[in-house]
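Please examine the sequence and the model below.

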Amino acid sequence: MPFQDLNREGAIIMHTITGKLPAITKDTDLSHVLGLCSLMSDCWLSEADKRPSKTPSGENSGGQKVRSAALLLELGKMHHLQSNNPAKAEVHYQEALDIATRTKNEVIKASALFYLGEVLSLQSKYPEAEQASAEAHQVYSRSGNDLGAASALYNLGKVLLNQEKNLEAEKAFTEAHETFSRIARRRALADGSSGDSNLGAANALCHLGHIYCNQKKYPEAEKAFTEAREIYSLLGHEPGVANALEGQGELYLAQSRYNEAERALTESRKICSRAGGDIELARTLWRLGRVYESQSKIQEAEDAFKEARKLSSAKGDTVIAGHASRFLASLYSKTGRDDEAKESFHHALAAYEQANDPDSRARALLGLGGIYCKQHKLPEAEEAVSEALTIWDSIDNQTEQVAPLLILSTIYGLQSRHDEERDTLIRLDAELARRNDGDARRADVLIRLGNYHFSQGAYGESENCFSLAQAIALSSESPQHEGPALFGLGTSYACQRRFGDAEDCFAGARAAYATFDDQKDEARALECLVEVYILQDKFDEARVACAEARDICKTLGRPMRNICLKTRKPPSNLEEMDAAIQSNANAARTAQDSLRAGVLTRFGYDHLRRGAFKDGEECFRLAQGISPGLEMAHERGVALMGLGMLFLVQKRIDEAEPCFVQSRVEFASIADGVQEAMALDALTMLYNDAGRIGDARRTCTEARNIYLRMGQPMSALCAQSWQRLQDSDK
């Protein structure tokens with residue numbers, strides 16, 4: 001015993017204070033604690049920088065090394081489980097592992113590897129954690145410790161999940177579940193005690209349920225969550241029951257079984273509230289908010305997201321705080337509260353930065369970029385989306401790169417950065433073709449790429465893109481893309497005067513849109529079909545299509561294009577034409593004027609095609625002069641366009657120019673952007689022919705801006721003129 005010669009406590013205290021400590025180096029019973037005494041003395045030094053930063057492992061006899069490894073293991077657990085300091089715990093576990101390896105102590109080696117895997121995972125050092133957990137499983141298995149082996153497999157599964165190695169994680173959890181279940185059955189037969197093993201089996205089942213849910217193996221997921229919930233209930237383990245219910249809620253949400261999801265998550269919420277698990281409660285509330293949002297219960301969703309954010313922030317769970325803020329931001333965006341959405345996205349970004357969660361941070365940046373796009377703040381949108389893409393590139397997450405590339409291509413198009421738009425779309429198509437798992441998205445990209453080529457007058461390339469998009473739509477689960485693909489093909493064929501092919505495509509597009517009850521686009525396809533029929537002199541078919549388009553437009557409450565005025569076959573002479581117009585005597589005066597102007601204009605174009613310029617000029621002038629009111633601006637604009645074309649064909653440039661200028665004015669007065677752009681196209685053609693390059697540049701730029709503003713591809717004439725102007729600048 002130390003101080004064995006002293007009999008009074010006061011004397012012992014005085015000796016200790018004055019440093020008169022007993023010598024232990026010569027005492028065989030006390031010499032083995034010399035290292036520990038020295039360590040404790042150093043730890044009590046008044047100068048902090050002279051205190052040791054780590055515990056020495058000891059280099060004495062073999063027995064002392066074993067005791068040092070065990071001590072280091074316990075010190076690691078202290079920092080790991082009590083002080084929440086995984087970095088310090090890692091140092092102690094590693095030193096314990098080194099000593100246990102040198103002394104061939106398999107028991108301590110397995111434990112050190114097991115806990116080392118846990119703290120490495122807490123620090124997001126997943127490759128190292130995977131290696132440690134796998135080695136722990138091997139050592140436990142080699143020593144016949146089935147429970148340790150199952151626990152190590154369970155930890156390995158979690159680490160693999162964090163690296164998105166889902167198939168490997170599934171294998172680890174499946175084996176862990178089987179081992180835990182086997183141990184539980186063996187213990188139940190032996191002494192009726194199987195609690196720990198059953199708990200491990202239930203935990204593994206919960207993770208398997210989430211993996212199956214992500215793989216869309218919904219029956220397997222439901223079975224796993226149900227079995228886990230039953231085990232937890234038998235054990236009286238309320239946190240486990242809540243966890244299984246949370247998994248069921250996630251599963252039902254993925255299947256759009258919203259009422260069942262709400263019931264499961266509401267029950268989980270009650271258990272978490274009763275048990276006082278704020279972190280688990282925050283996670284459940286986040287999922288419940290998503291269910292409410294899917295049910296259009298906007299206020300309930302907002303309240304759930306806010307409460308989840310508050311609880312998780314208070315408990316330091318920055319990942320769930322970020323998720324709650326991000327989903328709240330999306331909710332605000334959907335309800336038009338863009339400023340609140342931006343603020344919430346910034347909250348999410350800060351939380352993810354603190355949590356060191358780059359993937360979720362990229363998702364928040366993508367959402368923020370969408371808000372900026374919505375507000376037409378394109379530079380800010382580009383910055384946010386580009387940063388998201390850079391993050392996903394840096395962590396090699398190719399799965400999520402499609403969405404930001406799509407948004408960037410739209411931004412480039414709106415900014416007239418067409419080379420970057422084209423390159424981005426080509427990159428997208430190549431990536432989706434390589435992965436062969438994104439048919440719907442690839443069809444969408446091909447349609448956009450086809451529209452780009454069409455706007456540049458590259459009809460061959462656009463036709464290839466639209467045809468491939470149609471083939472994908474017919475052979476995959478993306479039939480919604482068949483209509484846009486056929487419509488694009490029809491437009492391309494029409495511009496090449498392949499009217500028969502265009503007719504087939506527009507008819508097919510109309511049928512495809514009707515399948516999805518897309519009345520707006522169905523009417524658009526019908527209007528194009530009317531125009532193609534007229535160009536082939538199929539007036540009966542044109543009238544039928546026009547009537548169908550008119551009915552749809554009436555249902556939608558929007559006016560239809562005046563293309564139906566052209567469905568009347570031109571009469572053989574002016575007297576017959578006037579007689580036809582006069583037969584509508586019961587119609588209102590404006591309707592009579594509109595009809596007469598339409599027929600006159602159609603007749604004028606017919607004379608122009610036959611080269612009867614004098615008769616054509618007479619018809620166009622009559623149509624132009626019928627009525628000066630604003631309600632006839634469209635008819636006057638169309639007649640002036642015809643008159644200008646007639647003069648242009650005859651090289652009467654000075655007379656053609658004012659016709660096109662005035663036509664542009666008429667269309668602008670009624671905000672008819674398409675026709676205004678066409679008038680500008682005609683002026684561009686006139687100025688190019690006359691060698692007036694400056695004027696051509698001005699009108700081509702104005703037309704192009706109109707097309708971009710409307711979100712429509714440029715006409716072939718505008719695209720070709722723009723390209724020539726760009727080439728001349730180089």
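**Nonpolar cores**

In this predicted model, the largest nonpolar core contains 122 residues. The members that touch the most others are Ala-228, Tyr-232, Leu-251, Leu-428, Phe-487 and Phe-506. In soluble globular proteins, nonpolar side chains tend to be buried together.

Tyr-232 may be taken as an example from the largest core. Beyond its neighbours within four places in sequence, Tyr-232 is in contact with Leu-199, Ala-202, Asn-203, Cys-206, His-237, Gly-240, Val-241, Asn-243 and Ala-244.

**Cysteines**

Cys-206, one of the contacts of Tyr-232, is buried, with a relative accessible area of 3%. A disulfide is a covalent bond between the sulfur atoms of two cysteines. The structure holds zero disulfides.

Cys-700 is likewise in no disulfide. The cysteine sulfur nearest to that of Cys-700 belongs to Cys-718 and is 4.2 Å away, whereas a disulfide requires sulfur atoms within 2.5 Å. Cys-700 is buried, with a relative accessible area of 0%.

**Helix α17**

Helix α17 comprises 17 residues, 358-374. At 1.5 Å a residue, α17 should span 24 Å, and this agrees with the 24 Å between its end C-alpha atoms. After α17 comes His-376, which has a positive phi, near 60°.

Which residues of α17 are buried? They are Asp-359, Ser-360, Arg-361, Ala-362, Ala-364, Leu-365, Leu-366, Leu-368, Gly-369, Ile-371 and Tyr-372. The elements that cover these buried residues include α15 (318-334), α16 (338-355), α18 (378-394) and α19 (402-414).

Methods: Residues numbered from 1 in each chain as written. Predicted model: local features only at pLDDT ≥ 70, side-chain atom pairs only at ≥ 80, totals over all residues. Heavy atoms only, no water. Core = buried A, V, L, I, M, F, W, Y, C linked by side-chain atoms within 4.5 Å. Buried < 20%, exposed > 50% of the residue type's maximum accessible area, 1.4 Å probe, protein only. Contact = heavy atoms within 4.5 Å. Helix = DSSP H or I, 4+ residues; strand = E, 2+ residues; numbered from the N terminus. Expected span 1.5 Å × (residues − 1).
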